[in-house]
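Here is a friendly note to read beside the model. Take the points one at a time, and keep the structure open as you go.

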Amino acid sequence: EVSITKFPADERKIIAKAHDKYKKARAGIINTRHGQIHTPAFMPVGTKGTVKAMLPESVQTTGADIILGNTYHLMLQPGAKRVFKLGGLHKFMNWSKPLLTDSGGFQVMSLSKLRKITEEGVIFNSHIDGSKFMLSPESSTEIQYLLGSTITMAFDECTPYPSTYEQAKSSMELTSRWAKRSRKAFYSRDGYGQFGIIQGSIYNDLRLKSALDLIELDFEGYAIGGLAVGEGQELMFKVLDYAPDLLPINKPRYLMGVGKPADIIGAVQRGIDMFDCVIPTRSGRNGQAFTKYGVVNIRNSKYKEDNTPLEEDCLCPACKNYTKAYLHYLVKVKEILGAMLMTWHNLMYFQKLMLRIREYIAQGKDFDFIS
Ligand SMILES: Nc1nc2cc3nc(NCCc4ccc(CCO)cc4)[nH]c3cc2c(=O)[nH]1
Ligand SMILES: [Zn+2]
């Protein structure tokens, strides 16, 4: 029976970088009930139980081992109990590999109208029909169980940026109390895991206290929350220069909401193992293609007669069978195939980036310049 094993530190599979700048980068494998996750890993975002414009089997061909879903959206529609009755999210969406679900607090604050934060949890009105809901450490954890998540996220409060020290302190302390309740509500099973989320904004003593509080709860993995919330890359890296080291070296470290290729590379160099971001999918639908030549805005008129592929050596359907001119046209006339092909290419690009990073780490090579 496989379980979410810690990084197999004892088998020395963590390849610590020889080069001192990369000594924190590591490549590993997370074993779960739904298969292995090769890290550093990028999780495509499938908020409502689908990676937009992609079939799950297509997502699989890009090389993704795990995708992210959202408690907030799925509890509103179609409802967690209904998904449970229908066999769980894996069956519902025809994705048999690992699923990680965010716990909902972040999405409530960014999406729902009227909401009230209490010690108990967050009371909010659905952004869809205004009906009233409550999310708490207990209800979020139960919803994620009903969905059948492979990796359940603790219910936290994402501290906004900027925040004063006092604001960040009380927010982090609430997250610690909620983490304890989330851990207590978690039904632990082999092959499934729950990750704690540390907060503390940009204040290193608060980040340390948050880490200590959560390490006591012995989660299967840890996320660094409260980043990619407008602080910018420089400040984010400043926090990442020390925050990953506060977490257990033999457990997965997940940086939520990140990011662009350069953000991912910088975060891997600072010891991060897992990422999720809407950028490849959302920007793909908006006509932005990530290529080794940089970002291509395919709507630019200079592509309207460009009979070459986005990338001549890319194996995705967009590059194998179509030209920039066709993609330019599809995106301009808002044809659904445009969203599909651009998304497919971007997800392939992000997975190729992760594969190259894992290879460079395994070969003890620097990976500063690839992006
Ligand atoms: N539970 C929890 N979830 C989070 C999700 C997050 N997602 C982010 N950032 C995403 C930022 C982000 C948003 C939109 C785009 C598209 C731009 O075209 C890119 C990045 N930060 C985050 C922090 C938290 C957090 O503390 N706790
Ligand atoms: Zn391609």
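1. Let's start with Arg270, which is buried because its relative accessible area is 19%; buried means under 20%, exposed over 50% and partly exposed in between, with a 1.4 Å probe and protein chains only. Arg270 forms a salt bridge with Asp241, and their closest N and O atoms are 2.7 Å apart. A salt bridge here is a side-chain nitrogen of Lys or Arg within 4 Å of a carboxyl oxygen of Asp or Glu. Asp241 counts as partly exposed, because its relative accessibility is 41%.

2. Before going further, please note that this is a predicted model: local features need pLDDT of at least 70, side-chain atom pairs count only at pLDDT 80 or more, and totals for chains, interfaces and linings use all residues. Residues are numbered from 1 along each chain as its sequence is written, chains are lettered from A and ligands numbered from 1 in the order in which they are written, and side-chain values use heavy atoms, with hydrogens and water left out.

3. How many salt bridges does the rule give? The count comes to 16. One of them pairs Glu220 with Arg183, the closest N and O atoms being 2.8 Å apart. This pair links distant parts of the chain, 37 residues apart: Glu220 sits in the loop between helix H8 (204-215) and strand E11 (221-224), and Arg183 in helix H7 (residues 165-185). Helices (H or I, at least four residues) and strands (E, at least two) are DSSP runs, numbered from the N terminus. Glu220 counts as buried at 18% relative accessibility, and Arg183 counts as buried at 18%.

4. Now look at Lys260 and Asp263, whose side chains meet in a salt bridge (3.2 Å, N to O). Is Asp263 buried or exposed? Asp263 is buried, with a relative accessible area of 6%, whereas Lys260 is partly exposed, at 43%. Elsewhere, salt bridges that share partners join Glu120, Glu138 and Arg181 into one network.

5. The largest pocket deserves a look. It has a volume of about 880 Å³ and is lined by 42 residues, of which Phe106, Gly257, Asp276, Val278 and Arg282 lie nearest its centre. Elements that give two or more residues to this lining include helix H5 (105-111) and helix H11 (279-285). On a 1 Å grid over the protein atoms alone, a pocket is an open set of points where a 1.4 Å probe fits, with protein on both sides within 12 Å along at least five of seven lines; lining residues have an atom within 4 Å of a point. Grid points are joined across faces, edges and corners, and the volume is the space filled by probe spheres set on the points.

6. The bond from Thr39 to Pro40 is cis, with omega near 0°, and Pro40 is in the loop between strand E2 (35-39) and strand E3 (41-44). A cis bond also joins Val258 and Gly259, with omega about 10°.

7. Finally, check some backbone angles. Asp218, in the loop between H8 and E11, has a phi near 50°, a positive value in a residue other than glycine. Asp218 is partly exposed, with a relative accessible area of 43%. Ala228 has a positive phi of about 55° although it is not a glycine, and Ala228 lies in the loop between E11 and H9.
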